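Here is a short briefing for a first look at this protein. Keep the structure open beside the text as you read.

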Amino acid sequence: MASLVYRRYGGSLQVDLPSFDVLEEAVRIPETQWIATACPLEGLSCDPRFLTFLDADGNGRIRVAEVRAAVEWAAKRLKDRRGADSGSDVLELASLTEEARPLRSAAEVILRTLKAPDATRISLEQVRASDAALRAAGQNGDGIVAPAHLPERLRPLASDVMACFPEVKNRAGEAGIDPAMVKRFREERTALLAHVEARGAAFTWGDASLDTAKRIREVAPLLDTYFVQCRLVAAQPEAAASLRLRADRVENALGDVAALGKAAGDLPIAPPEPAGVLEWTRLHRGPAFEQLESFRKDVAAPQTGDARRLTDPAWRELVAKADAVLAWQAKLEASPVRKLVDVLPAVVDADLTAIEAECAADVALKPVLDAIVELERLVLYQRWLLIFANNFISMPNIYLPKRLALVEKGTLILGGRKYTLSVLTTNRAAHAALTGQGTTCVLYVQVAPKDGTPGYEVAVPVTRGRSTDLVVGKRGIFYDVDGKEHDATVTHVIRQPVSLWEAMTMPFTRIGTFITSKVEGLATAGEKSFDTTLEKGYTQAVVTPPAPAGAAPAAAAPATGGLAGMLAAGGIAAAALGSSVAFIVTQVKSLTLVDLISATTVIALVVMAPAGLLGWLKLRRRNLALLLEGSGWALNDRLMLTPALSSLVTRRPRLPPGSRVDRMDMVRPELIRQQEEDGETEGLSGWAKLGIGLAVAFVLLWLVRAPVLNAMCGAGWLSPETCSVVLPTLVEASPTMAPAAPAAAPAPAK
């Protein structure tokens with residue numbers, strides 16, 4: 001029994017799985033000690049066929065019981081686990097146990113089919129190539145053999161048999177013949193040959209029997225109706241009058257050919273006779289006259305021997321013989337092998353038996369071919385099972401930079417940084433609802449492959465830089481785990497501080513954003529108010545009619561609108577603004593440089609200290625487990641985002657070795673050269689800039705004049721006479737300032 005070792009990764013205790021033997025022991029530990037207890041198939045970067053084998057119940061999720069069953073199944077068939085330890089996709093046949101004997105036989109069949117030079121090992125590629133090779137060789141294991149894979153002498157017969165029945169295809173997609181088809185052909189052939197032998201008893205009229213029967217069936221509705229009418233007249237003689245046309249109907253139809261034709265069609269084909277005899281000479285010349293006359297000449301007279309009349313019994317005998325002929329023909333046409341009726345007697349039973357033997361030989365391959373599927377399962381388990389366990393039972397690959405976790409989808413390059421961790425998201429709303437409860441900044445990025453395949457969305461944690469630079473719509477590129485490049489676009493941002501400095505400065509950023517939004521709102525409102533006032537004044541000036549000549553001037557009304565009101569409002573606003581500026585300047589002048597620095601420092605500490613503390617706590621609580629749980633994972637422990645891991649998840653790679661940085665801005669010389677060519681410059685001139693600079697310097701020096709002169713006097717840089725004259729004046733202007741002691745006079749030289 002292998003001893004288990006637990007190691008700590010980023011604050012979580014995980015069992016170490018270095019080999020398959022250890023894994024066999026580790027799957028027995030309680031589920032509570034597994035990092036994950038369930039995960040979806042989507043988003044895992046490994047062989048999809050492996051995941052299909054692992055998902056035993058086919059519900060699209062892998063659970064603890066399924067992992068345990070897979071490890072147990074593989075352990076029973078592998079006595080040498082070195083291939084599983086290294087994750088090899090080449091299976092050594094010598095490493096198989098006695099229980100895996102069917103798999104060894106399947107591997108040997110594959111190697112022989114592929115004519116492999118090494119018969120001691122088989123690779124996953126050979127297993128998968130064998131399917132097509134075996135199908136091409138006609139070995140499908142389903143008993144359906146295509147004619148091309150039969151002996152040449154049997155191919156024509158097989159093709160004829162296949163043409164008689166619905167098409168069936170084997171696993172290779174080829175139409176073929178199977179034992180059930182041969183068995184049915186035997187039965188249908190026997191029945192059809194017996195039916196053909198009974199033809200003479202049904203065809204009493206010789207070769208013309210079928211045509212005669214069809215002619216009888218064509219006139220049967222007319223003659224059956226006539227003989228029924230005869231029976232009616234025989235039972236009730238007065239019914240004969242009802243079978244004639246009434247005089248009023250004939251009169252109403254006169255002049256209307258269509259009506260006359262319909263009336264004639266309603267008459268019996270001849271006057272009904274109680275004796276049940278049809279006198280051909282008494283046929284009415286109705287719509288069916290020509291058809292019945294032709295039937296009399298061609299069928300009735302030759303078959304009954306009476307050209308003058310047709311009796312009811314003779315008609316019944318004709319109908320019975322015709323029905324027998326038609327029934328025989330219908331049974332012939334219903335036989336699936338009727339197309340081969342002429343060659344059926346020549347079919348040899350031995351050939352049919354040979355075809356059945358070929359089908360049986362193909363069916364005998366079914367256990368071997370079924371074992372190929374299990375062989376593929378074993379090779380895939382050897383290749384991926386230990387790797388999967390190190391991403392399910394334990395998750396060290398999340399923390400180790402040299403390894404790739406199965407949950408990772410690729411690398412995002414965006415805004416000059418490299419984001420190495422990304423997780424597939426199929427439902428952004430649900431994923432964001434969960435990750436929004438954490439303290440990690442997360443980007444949702446839509447990946448659009450260039451080859452036209454459907455795109456997908458990934459969640460990317462941001463751990464360095466500034467989150468304020470990441471906005472919806474920002475574009476970058478995405479490299480998947482196979483190294484393929486795709487376009488990437490940010491679709492959603494869960495904004496959280498990504499560094500301690502950003503957390504400390506975030507309040508100022510929010511204050512600046514708030515002030516900017518308010519100023520922009522006030523400016524917009526002021527512009528609207530100004531436009532409204534201007535429009536109102538213009539309207540009053542244009543619409544108000546001039547006073548009539550000679551009228552006394554009215555008393556001056558207070559200027560509440562128009563241009564006067566606008567000027568008055570502007571004056572009031574200018575006065576208020578001037579007062580505010582004067583107040584601010586007065587307050588600032590009363591402060592010394594030390595006071596300004598102290599006040600600024602205190603304000604910064606008051607704002608930044610709580611924000612920094614809160615940001616520090618958030619950064620310590622960043623948890624990657626929410627990123628996986630939002631994608632459908634069920635996790636037992638947290639996956640803390642340590643500072644070391646943060647530097648690996650989001651990186652700004654350094655410049656290539658041997659490169660150097662030229663600090664000179666290459667734009668400025670080109671700008672100066674272009675301005676010299678154009679002979680003009682934009683913005684302020686050099687004298688204007690110098691004047692503004694001197695003014696700003698004067699204001700700053702004026703504000704700090706008192707402490708500067710006090711320091712100069714204290715250092716002895718100014719004479720005592722100058723200090724005694726200047727400092728009292730500054731003290732009066734700045735009551736908080738204490739004059740510095742004048743420098744001691746130098747001692748007289750000895």
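Helices (H or I, at least four residues) and strands (E, at least two) are DSSP runs, numbered from the N terminus. This is a predicted model: local features need pLDDT of at least 70, side-chain atom pairs count only at pLDDT 80 or more, and totals for chains, interfaces and linings use all residues. Residues are numbered from 1 along each chain as its sequence is written, and side-chain values use heavy atoms, with hydrogens and water left out.

The protein has 27 helices and 19 strands. Of its 750 residues, 36% count as buried. Buried means under 20% relative accessible area, exposed over 50%, and partly exposed in between (1.4 Å probe, protein chains only). Among contacts with a separation of 6 or more, 68% come from residues 24 or more positions apart. Contact here means heavy atoms within 4.5 Å.

**Nonpolar cores**

- A nonpolar core is a set of buried Ala, Val, Leu, Ile, Met, Phe, Trp, Tyr and Cys residues joined through side-chain atoms within 4.5 Å.
- The largest such core holds 82 residues. L23, F50, L385, F388, F392 and W633 have the most contacts inside it.
- Helix 17 (residues 366–389) supplies the largest share of this core, 13 residues.
- A second, separate core has 54 residues, including V145, V182, A300 and V325.
- Leaving aside residues up to four places away in sequence, W633 touches A36, A38, C39, P40, L44, N391, F392, M395, V407 and L628.

- Two strands pair if DSSP finds at least two bridges between them.
- Strands in the order 4-3-18 form an open sheet of 3 strands, with antiparallel pairing.
- Strand 4 (61–63) and strand 18 (634–635) stand at the edges. Each has a single partner strand, so one side of each lacks a neighbour in the sheet.
- Strand 3 (residues 36–40) joins strand 4 through 3 bridges. Within this pair, P40 stands opposite R61.
- Helix 3 (residues 64–77) packs on the sheet and touches strand 3 and strand 4. Its direction makes about 70 degrees with that of strand 4. Axes are lines fitted to C-alpha atoms, for helices over the stretch in contact, and angles run from 0 to 180 degrees between N-to-C directions.

- Strands of a sheet pair through backbone hydrogen bonds, either parallel or antiparallel.
- Strand 11 (residues 410–414) is largely enclosed by the rest of the structure, because 4 of its 5 residues are buried.
- Strand 11 runs antiparallel to strand 16 (residues 475–480), with 4 bridges between them. G410 has D480 as its bridge partner there.
- Strand 11 also pairs with strand 12 (residues 417–419), antiparallel, over 3 bridges. L414 stands opposite R417.
- The hairpin of strand 11 and strand 12 has 2 residues between the strands, and G415 takes a positive phi near 60 degrees.
- Strand 16 and strand 17 (residues 485–494) run antiparallel over 5 bridges. R475 has T489 as its bridge partner.
- The hairpin of strand 16 and strand 17 has 4 residues between them, with G483 in the turn at a positive phi of about 85 degrees.
- Strand 14 (residues 441–448) is joined to strand 17 by 7 bridges and runs antiparallel to it. L443 stands opposite V493.

**Helix 14**

- Helix 14 (residues 289–304) bends by about 50 degrees at R296. The bend at a residue is the angle between axes fitted to the seven residues ending there and the seven starting there.
- Its buried residues are F289, L292, E293, F295, R296, V299, A300 and A301.
- Helix 10 and helix 15 (312–334) are among the elements that cover these buried residues.
- Just after helix 14, G305 takes a positive phi of about 75 degrees.

**Two buried residues in helices**

- S209 is found in helix 10 (residues 209–235). It is buried, with a relative accessible area of 0%.
- A polar atom of the S209 side chain lies 2.9 Å from the backbone nitrogen of W205.
- S209 touches F203, T204 and V325, not counting residues up to four places away in sequence.
- C723 lies in helix 27 (residues 720–733) and counts as buried at 6% relative accessibility.
- C723 and L709 are 14 residues apart in sequence, and 8.2 Å apart in space, C-alpha to C-alpha.

Technical notes: A polar contact is a pair of N or O atoms within 3.5 Å; within protein, one must be able to donate a hydrogen and the other to accept it, and residues adjacent in sequence count only if both atoms are side-chain atoms.
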